[in-house]
Amino acid sequence: MEEQSFLDKMINHLRASCKYYTGYPKDIGSSRVIHFTSEREFVQLLHEGHPVAVAFTIRGNYTKHLDRVLEEAAAEFYPHVKFVRVECPKYPGFCMTRQRKEYPFIEIFHSPEHAGNQGKVIDPGITKYSVKVLPFNYDLSAYGFREFFKRHKIQSSEPK
């Protein structure tokens, strides 16, 4: 058997004795990212009153990274913030209403409040809501989401 070099001995020793966290893979449990299926379900999600982070995606290598980030952030902010992933080729109508050309992108929907009577009431069974939509332009990580929520005063955890 041949002699190991000093570097190999040092690396083997570090691997055996040092336990450090590299960031991946994280054990985050089952997925908490909600896959978009219809606008009706999306509106019901908004009615729950929680902020909703929506990722508008298409297939690609960058989307794989985005999926990991969404999974991690959804696990961290559950149940105070909901994360939704929309596959735009499957639901082009919903994505085209956002009027963006670059994919993927993320928008945060929050503060559903009853809107005042705006004009004529057509149907008393219809409830109007006012929802703020903010483009997410921070670092694509759980930390970036935390800073975004802090900056825009969006409640993402239990009050202290």
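Trainee: Which element of the protein has the lowest mean pLDDT, and which the highest?

Mentor: pLDDT is the predictor's confidence in each residue, on a scale from 0 to 100. Here helix α1 (residues 6–17) has the lowest mean among the elements, 76, and strand β3 (residues 82–87) has the highest, 93. Averaged over the protein, pLDDT is 80, and 77% of the residues score at least 70. This is a predicted model, in which local features need pLDDT of at least 70 and side-chain atom pairs count only at pLDDT 80 or more, whereas totals for chains, interfaces and linings use all residues. Residues are numbered from 1 along each chain as its sequence is written, and side-chain values use heavy atoms, with hydrogens and water left out.

Trainee: How many helices and strands does the protein have, and in what order do the elements run?

Mentor: Helices (H or I, at least four residues) and strands (E, at least two) are DSSP runs, numbered from the N terminus. The protein has five helices and five strands. Read from the N terminus, their order is α-β-α-β-α-β-α-β-β-α.

Trainee: What share of the residues counts as buried?

Mentor: Buried means under 20% relative accessible area, exposed means over 50%, and partly exposed is in between (1.4 Å probe, protein chains only). Of the 160 residues, 30% count as buried.

Trainee: Which residues of helix α5 are buried?

Mentor: In α5 (residues 142–151) the buried residues are Ala-142, Gly-144, Phe-145, Phe-148 and Phe-149. Looking down the axis of α5, these residues fall within an arc of 160 degrees, so they line one face of the helix. The arc is that of the directions from the helix axis to the C-beta atoms. Lys-150 and Arg-151, on the other side of α5, are exposed.

Trainee: Why do residues three or four places apart point the same way in a helix?

Mentor: An α-helix has 3.6 residues a turn, so residues at that spacing point the same way. In α2 the buried residues are Phe-42, Leu-45 and Leu-46. They cover an arc of only 100 degrees around the axis, which puts them on the same side of α2. Just after α2, Gly-49 has a positive phi of about 95 degrees.

Trainee: How many aromatic pairs does a search of the whole structure find?

Mentor: Rings of Phe, Tyr and Trp (its six-membered ring) pair if their centres lie within 6.5 Å; planes under 30 degrees apart count as stacked, over 60 as edge-to-face and the rest as tilted. The search finds 17 aromatic pairs. One of them is the stacked pair of Phe-36 and Phe-94, at 4.5 Å centre to centre with 20 degrees between the planes. This pair links distant parts of the chain: Phe-36 is in the loop between β1 (33–35) and α2 (39–47), Phe-94 is in helix α4 (residues 92–96), and they are 58 residues apart. Both Phe-36 and Phe-94 are buried.

The rings of Phe-136 and Phe-145 have centres 4.3 Å apart and planes at 20 degrees, so this pair is stacked too. Phe-136 is buried at a relative accessible area of 10%, and Phe-145 is buried at 0%.

Trainee: Which residues do ring pairs link into a cluster?

Mentor: The cluster holds Phe-36, Phe-42, Phe-56, Tyr-91, Phe-94, Tyr-103, Phe-105 and Phe-109.

Trainee: Where does the charged end of Arg-32 sit?

Mentor: A charge sits over a ring if NZ of Lys or CZ of Arg is within 6 Å of the ring centre and within 35 degrees of the ring normal. The charged end of Arg-32 sits over the ring of Tyr-78, 3.9 Å from its centre.

Trainee: Which cysteines does a disulfide join?

Mentor: A disulfide is a covalent bond between the sulfur atoms of two cysteines. The rule used is a pair of cysteine sulfur atoms within 2.5 Å, and the count comes to one disulfide. It joins Cys-88 to Cys-95, S to S 2.1 Å. The link is left-handed, with -85 degrees about the S-S bond. Cys-88 is buried at 6% relative accessible area, and Cys-95 counts as buried at 1%.

Trainee: What is Val-86 in contact with, leaving aside its neighbours within four places in sequence?

Mentor: Contact means heavy atoms within 4.5 Å. Val-86 is in strand β3 and is buried, with a relative accessible area of 0%. With those neighbours left aside, its contacts are Phe-36, Val-54, Ala-55, Phe-56, Thr-57, Tyr-91, Phe-94 and Cys-95.
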